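Here are my notes on this one, as promised. Have the picture open while you go through the points.

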Amino acid sequence: MSSAARAELESLLRARKLDVTLTSAAPWDRSRDLAPTGLASLDAALGGGLARGHLSEIVGPRSSGRTTVLCRMLAAAGDRGEAVALIDACDRFDPASAEAAGVDLSKLLWVRDTGDASRALKAMNLVLQAGGFGVVAFDVADVHAMALRQFPYTTWMRMARVIEGGQTAAVIVAAERLARSPGGVTIALDFQPDVPCARWSGTSDRARFLRTIDVQTRVVGGR
């Protein structure tokens, strides 16, 4: 196939949002199909950002930096002028802290629940089907693992199918690895073993403040 014919075919497939089916040893610039996270080192590991039209996940234990990474993603999307959505399964999102971290709350759809995972999942599906969001996050980090295991695996396959070929980057925030689409990634946040990771300020044990925590970020399935 000539280069001109191939370019025309690729253009037609992109117009119909079918370009995710193409493979090439030298693909065109897909920067528009990536959603940068706003964290330079993480974007470098991701090859530019999260893949749009795919389901990814942020996983790690409590206080590992999950919320910080999520807020940077939402802030970066807002800086690009994109609308974002957060399905907050356990009402753990703090809008004041998020705004201080750079999240534009005027561009955020925040759906709150009080721990009903099934109801939160329905909300997630409705938001994805509505479309028009650059980043949609499903925060189930505080949902009991047993409740999440009750969902059939096809749940996540259907979720990935809804956004396939679109411009939405969907992200699950969880304590453990849960699901991602073939083109998505797992961003795993871990404390570094055998290394003091917490930094404190203050000279007295009764008047110390936690300043920072060092975590190790691994990207599984990155491009």
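1. Start with R62 and D142, which form a salt bridge whose closest N and O atoms are 3.5 Å apart. (A salt bridge is a side-chain nitrogen of Lys or Arg within 4 Å of a carboxyl oxygen of Asp or Glu.) R62 sits in the loop between strand 3 (55-59) and helix 3 (66-79), and D142 in the loop between strand 6 (135-139) and helix 6 (145-149), so the pair ties together parts that are 80 residues apart in sequence. Helices (H or I, at least four residues) and strands (E, at least two) are DSSP runs, numbered from the N terminus.

2. A word on the source: this is a predicted model, where local features need pLDDT of at least 70 and side-chain atom pairs count only at pLDDT 80 or more, while totals for chains, interfaces and linings use all residues. Residues are numbered from 1 along each chain as its sequence is written, and side-chain values use heavy atoms, leaving out hydrogens and water.

3. Are these two buried or exposed? R62 is exposed, at 60% relative accessibility, while D142 is partly exposed at 32%. (Buried means under 20% relative accessible area, exposed over 50%, partly exposed in between, with a 1.4 Å probe and protein chains only.)

4. D142 also meets R92 in a salt bridge, 2.9 Å from N to O. R92 lies in the loop between strand 4 and helix 4, 50 residues from D142. Together, R62, R92, D139 and D142 are linked in a network of salt bridges.

5. Now look at D91, in the loop between strand 4 (84-88) and helix 4 (95-100). D91 has a positive phi of about 50°, although it is not a glycine.
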